[in-house]
Amino acid sequence: MAALFCMLPSGCSTKHELEMKPVEVKPIHITIDVNVKVDRALDNFFDDIDQAEEQIIQD
């Protein structure tokens, strides 16, 4: 009976080995296209509004 109690803990133990691979970090390339024509058109549109506002304030 004592031999059974000695063998019981060894039967319940498990051993796992994990191999960790190094994490590879690669650079990220981002391309941003800016539409300058639309940006200039919006600037011109808002300039007209700003000029009209200045004329209203001066009058």
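What percentage of the 59 residues of the protein chain count as buried?

Reply: The model is predicted, so local features need pLDDT of at least 70 and side-chain atom pairs count only at pLDDT 80 or more, whereas totals for chains, interfaces and linings use all residues. Residues are numbered from 1 along each chain as its sequence is written, and side-chain values use heavy atoms, with hydrogens and water left out.

Of the 59 residues, 0% count as buried; buried means under 20% relative accessible area, exposed over 50%, and partly exposed in between, with a 1.4 Å probe and protein chains only. The accessible surface of the protein chain is about 6,800 Å², and 60% of this belongs to carbon and sulfur atoms (Shrake-Rupley method, 1.4 Å probe; for residues, only the protein chains shown count as cover).

The chain has two helices and zero strands, taken as DSSP runs of at least four residues (H or I) and at least two (E), numbered from the N terminus. In the loop between helix H1 (2-12) and helix H2 (36-58) lies Ile-32, which counts as exposed because its relative accessibility is 68%.

The structure also holds one aromatic pair. Phe-45 and Phe-46 form an edge-to-face pair, because their ring centres are 5.3 Å apart and their planes stand at 70°; rings of Phe, Tyr and Trp (its six-membered ring) pair if their centres lie within 6.5 Å, and planes under 30 degrees apart count as stacked, over 60 as edge-to-face and the rest as tilted. Phe-45 is partly exposed at 49% relative accessible area, and Phe-46 is partly exposed at 45%.

Asp-50 is found in helix H2 and is partly exposed, with a relative accessible area of 38%.
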